[in-house]
Amino acid sequence: MKHLLGLNPLSAADITALLDRAETYVGVGVGDVPKRDDLKGKLIVTLFFEPSTRTKISFQLAARRLGGDVQDFSPGGSSTSKGETFIDTVRNIEAMGIDAVIVRHTSSGAPEMLTRHLQKHVSVINAGDGSHEHPTQGLLDILTIRQRKGTIAGLTVALVGDILHSRVARSNIHGLTKLGAKVIVCGPPTLVPPEVRQFGVEVADDLDDILPRCDVVNLLRVQFERQRSAFFPSVGEYAHLFGMNGGRMKRAKSDVLILAPGPINRGVEITPDVADGPNSAILAQVENGLAVRMAVLATTAGGGRG
Amino acid sequence: MKHLLGLNPLSAADITALLDRAETYVGVGVGDVPKRDDLKGKLIVTLFFEPSTRTKISFQLAARRLGGDVQDFSPGGSSTSKGETFIDTVRNIEAMGIDAVIVRHTSSGAPEMLTRHLQKHVSVINAGDGSHEHPTQGLLDILTIRQRKGTIAGLTVALVGDILHSRVARSNIHGLTKLGAKVIVCGPPTLVPPEVRQFGVEVADDLDDILPRCDVVNLLRVQFERQRSAFFPSVGEYAHLFGMNGGRMKRAKSDVLILAPGPINRGVEITPDVADGPNSAILAQVENGLAVRMAVLATTAGGGRG
Amino acid sequence: MKHLLGLNPLSAADITALLDRAETYVGVGVGDVPKRDDLKGKLIVTLFFEPSTRTKISFQLAARRLGGDVQDFSPGGSSTSKGETFIDTVRNIEAMGIDAVIVRHTSSGAPEMLTRHLQKHVSVINAGDGSHEHPTQGLLDILTIRQRKGTIAGLTVALVGDILHSRVARSNIHGLTKLGAKVIVCGPPTLVPPEVRQFGVEVADDLDDILPRCDVVNLLRVQFERQRSAFFPSVGEYAHLFGMNGGRMKRAKSDVLILAPGPINRGVEITPDVADGPNSAILAQVENGLAVRMAVLATTAGGGRG
């Protein structure tokens, strides 16, 4: 695997191989577990055109725990404000001698475009492009589910919230259905695009209706900072209809697994008692994020097995 | 010692142990003196909610000179602007596998609150919280005094300026009085809270009156960027009443030691001839800052002797 | 060589030595070519008072590929906004124990001023000061020319565009004329200062007139972000008169070498077909930038041969 642009282009075997490899990286470089050298001598570049400290640092730590060298090129009012094109920026970075570029961009397809303009040996890893895909988030969600439930095939997984704008939802849908899960997308009708049915998912607009059937509920973040028009009447109504809270937990399966890609809005998509309760795997997701990103970097830029 | 939240909770023996350890780190990693490995394999995180390039870098260099890995998580319009709580932010950082977090926050008590929410193995180091404490600044001031004067006990030390808002003043007061110095706080009455007398310090509002008795004068920075209301009539009047200048140096002891935590406002709390003169230890403070922070990191996160 | 302040103070032998050393560093630390340890144990500081992600990172990668430790101190609304002077800032950085400072500043002469205020062992490297010099850009342009043309002496090199504000032009003029090239500066009369003739260059205002004689054309970037007053009527007219395009390429020598210091404005100083064509060495310039900066750092801060 040279690049990771999304989970849609991958086979079930590809995804399983990445998950298996990620399992071997859990905890590497933490506490007394030494780092590895899968990326020794490699220069890994982060290039984030949208702000996201957390995902960027997760990738950077992952690369360093595999012995890689990391350089951030994310623009902060620099060359991009000097009128240079996206491709020129990346070609210039490439000319400094890099092995992989981890890119986040507001435009869907930007990482794929890069693969057509860079030299053959440079790996491109999608860290989120527009509303297209966010494959490492999908992988870490799926890894967390697999750890807690033992398998993916046969599970019923609800994705709740803003499906329309969510690249996290898309990567989850592709990865989970390929591995044999039943996926239900559930949200306000304005935020659930009808086309999503083509991917073989069930569409619902009443969380209470589907909740008793779910093995996993993944609560997408309400992206207040992106919401330009009013897709739902109020935060209070959203929380009432689609937020996970103590009352809903009683109507769910007792071992329902609660995921949330964070940063969470407490009291909106999830109440504190649920976020901090025994069914929540929110912090395990963060830890798995590192393992998944190590697996992706080792597989693409490390010349690895995957 | 697991955490460093302030100098007030420490005993004189604790403080002396930190100072003694710091002495052994002066110059480590500089020039031909090799780095050490007290923090080998440890991930140290800086999390500054107030801007301070200099203190942050001092901590980062200190950690790296002890062989530690450093990652900055200071927000720059990222997740915190996405509505996440302080505790969620830190728990997420913790889930990436860290050994210590160095935190600066506008709220007094924020570091202490962290110790109650993080896992047991994570050390919390206060890099300045509200107007509460800035313990490493206190330690580096005291180390500089001890180097120049041989001891702390019996010295008369004036803290001059804005005592009310100054966490540097508080940490100096606690550390110096515990080690047996006499502390005089001196500033405009609006900027010297009467409660400060409870810590056993003398309160003055006329610098010229107390100056002849002082062995050390520590000139707190006028924090123009924090001054919301008019606590003193004008910069000129402040400099006239509380600024250290050549005239005042003549009325002070010939070996008076001049400290200033910087960045200094030349011509306000200190004139250039004094700042650059033989009694000034301003640059020694910076150098000692590294040694003190190495001692604190090694003692808390290094599983060290302290 | 202790400092690098510009190419004007250097002899032809100095420049040639730097270029020769740079040749040995091309590709070091890239792919399977291991890093070196010329800067092992050295702390190299970047201090950019003007934003320039690319040049800063080029220097940082260069230092790290020679085994140096790198710390960025570039202000981002920190201490400099707290009222501290430039010299105090640098003295404070110096007190943390550094070996070299790479400085970019809006004021011409700022790096030279630093050499008079820092301790003897600290090297100062000019990364661009006002409209004075940008010596490593000059060196990388010259290295690229030498690689492609075999020599500098006897070549005719045109510098096209805004000569008045360009430190890149000045460093090119000094370096190229010292090595025996004939330099023609060509631009709108408002942007070509008459004093430039003192350096032995030819002044032209008609690109088409001089183009057939040129072995190299170096297209200075139109700095839209600096242009405060209207030095030329419109972008369209500038491109028409001074932009390199396919039509002009036909009237140039068939092996004319096209350089541009970037980030380029496609369609202004250069059209895409020329920028991406066989005569362009734009990406080679970026790669050579790393090699040149390694040579400069090793020669100044590495105690090296240069």
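Buried area is the accessible area, taken with a 1.4 Å probe, that two parts lose on being put together, summed over both. The views below show a predicted model, in which local features need pLDDT of at least 70 and side-chain atom pairs count only at pLDDT 80 or more, while totals for chains, interfaces and linings use all residues. Residues are numbered from 1 along each chain as its sequence is written, chains are lettered from A and ligands numbered from 1 in the order in which they are written, and side-chain values use heavy atoms, with hydrogens and water left out.

**View 1. The interface of chain B and chain C.** Between them, chain B and chain C bury about 2000 Å², with 49% of this area on carbon and sulfur atoms. The contact (heavy atoms within 4.5 Å) takes in 25 residues from chain B and 20 residues from chain C. Four salt bridges are counted between the two chains, a salt bridge being a side-chain nitrogen of Lys or Arg within 4 Å of a carboxyl oxygen of Asp or Glu. One such bridge is formed by R64(B) and D69(C), whose closest N and O atoms are 2.6 Å apart. On the side of chain B that touches chain C, the elements giving two or more residues are α2 (53–65) and α11 (282–300) of chain B; helices (H or I, at least four residues) and strands (E, at least two) are DSSP runs, numbered from the N terminus. The largest share of this side, eight residues, is supplied by α2(B). By residue class, the side of chain B that touches chain C divides into nine nonpolar, seven polar and nine charged residues, where Ala, Val, Leu, Ile, Met, Phe, Trp, Tyr, Cys and Pro count as nonpolar, Asp, Glu, Lys and Arg as charged, and the others, Gly among them, as polar.

**View 2. The interface of chain A and chain C.** Here 20 residues of chain A are in contact with 25 residues of chain C, and the area buried between the two chains is about 2000 Å², of which carbon and sulfur atoms give 49%. The count between chain A and chain C is four salt bridges, including the one that R91(A) forms with D276(C), in which the closest N and O atoms lie 3.4 Å apart. Nine residue pairs between chain A and chain C, both residues at pLDDT 80 or more, are in polar contact; this term denotes a pair of N or O atoms within 3.5 Å, of which, within protein, one must be able to donate a hydrogen and the other to accept it, and residues adjacent in sequence count only if both atoms are side-chain atoms. The elements of chain A that give two or more residues to the side touching chain C are β2 (69–72) and α3 (86–95), and the largest share, five residues, comes from α3(A). The residues of this side of chain A divide into five nonpolar, nine polar and six charged.

View 3. N126(C) lies in strand β4 (residues 123–129) of chain C and is buried, with a relative accessible area of 0%; buried means under 20% relative accessible area, exposed over 50%, and partly exposed in between (1.4 Å probe, protein chains only). A polar atom of the side chain of N126(C) lies 2.6 Å from the backbone nitrogen of G128(C), and the side chain of N126(C) also reaches the backbone oxygen of E133(C) at 3.5 Å. Leaving aside neighbours within four places in sequence, N126(C) is in contact with L4(C), L5(C), V103(C), P111(C), H132(C), E133(C) and P135(C).

**View 4. The surroundings of V201(A).** V201(A) is placed in the loop between β6 (182–186) and β7 (202–204) of chain A, and at 8% relative accessibility V201(A) counts as buried. Residues up to four places away in sequence not being counted, V201(A) touches I173(A), T177(A), V183(A), V185(A) and V196(A). V201(A) and T177(A) are 24 residues apart along the chain, and their C-alpha atoms are separated by 8.1 Å.

**View 5. The peptide bond from G262(A) to P263(A).** This bond is cis, with omega near -5°, and P263(A) lies in the loop between β9 (257–259) and α10 (272–275) of chain A.
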